[in-house]
Amino acid sequence: MYSHKAEKIDLNAEYPCICSRRGCLKPIALTDAFGCDRCQQIFVVDRSGLTLEELSTHAPYKKTWHWIGNQWNRTDTTLRDTFLPLSMSIVVIPLVLLFFVRHFPAILWIVLVFIIVPIPALLVWLAYRR
Ligand SMILES: [Zn+2]
């Protein structure tokens, strides 16, 4: 997807803000977070030290970035993590259903649908859970 390798974010260094080139992300003392001196946004560095996360309570999923040496590179971690299980379920579930429709009486596959349908929902829930 992107050619540049993510670098470890230095919690003692200053970085340009994601919002604009003029904003400056400054480390917030005793935290793993950075605050912008222009837009007042707060960003948190995750445990790996490679990913910067937008600190937002209302967003459905958090925006994340990698530092690639000279700029921030947007990483849709959540989207990527969700994509594989979702695409798998989209492919596998109809095949499984088709199999049951062909080989089992209707009542039995209706019961199975109620067991299989919550699985993608569970995968999405797991992917979005932090
Ligand atoms: Zn900013």
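A disulfide is a pair of cysteine sulfur atoms within 2.5 Å. By that criterion, a search of the whole structure, which is a predicted model, finds 0 disulfides.

**Figure 1. Four cysteines coordinate the zinc ion.** The ligands are Cys17, Cys19, Cys36 and Cys39, each through its SG atom, at 2.1 to 2.3 Å. Along the chain these donors follow the spacing C-x1-C-x16-C-x2-C.

**Figure 2. The arrangement of donors around the zinc ion is irregular.** The 4 donor atoms subtend angles of 95 to 136 degrees at the ion. Four donors count as tetrahedral if all angles lie between 85 and 135 degrees. The range found here runs to 136 degrees, and therefore the site is classed as irregular. For reference, the ideal angle for four tetrahedral donors is 109.5 degrees.

**Figure 3. Tyr15 and Trp67 form an edge-to-face pair.** The structure holds 5 aromatic pairs, and this is one of them. The ring centres of Tyr15 and Trp67 are 4.7 Å apart, and their planes meet at 70 degrees, so the pair is edge-to-face. Tyr15 belongs to strand β1 (residues 15-16) and Trp67 to strand β6 (residues 64-67), so the contact ties together parts that are 52 residues apart in sequence. Both residues, Tyr15 and Trp67, are buried.

**Figure 4. Tyr15 and Trp72 form a tilted pair.** Here the ring centres lie 5.3 Å apart and the planes are at 55 degrees, so the pair of Tyr15 and Trp72 is tilted. Trp72 is in strand β7 (residues 72-75), while Tyr15 is in strand β1; the pair therefore ties together parts that are 57 residues apart in sequence. Trp72 is buried, as is Tyr15.

**Figure 5. Four aromatic residues make up one cluster.** The members of the cluster are Tyr15, Phe34, Trp67 and Trp72. Among the pairs in this structure are Tyr15 with Trp67, which is edge-to-face, and Tyr15 with Trp72, which is tilted.

How values were computed. Residues are numbered from 1 along each chain as its sequence is written. This is a predicted model: local features need pLDDT of at least 70, side-chain atom pairs count only at pLDDT 80 or more; totals for chains, interfaces and linings use all residues. Side-chain values use heavy atoms; hydrogens and water are left out. Donors are N, O and S atoms within 2.8 Å of the metal (3.2 Å for Na, K and Ca); water is not among the atoms, so sites may look incomplete. Four donors count as tetrahedral if all angles lie between 85 and 135 degrees; four count as square planar and six as octahedral if opposite donors are over 155 degrees apart and all others between 65 and 115; anything else is irregular. Rings of Phe, Tyr and Trp (its six-membered ring) pair if their centres lie within 6.5 Å; planes under 30 degrees apart count as stacked, over 60 as edge-to-face and the rest as tilted. Helices (H or I, at least four residues) and strands (E, at least two) are DSSP runs, numbered from the N terminus. Buried means under 20% relative accessible area, exposed over 50%, partly exposed in between (1.4 Å probe, protein chains only).
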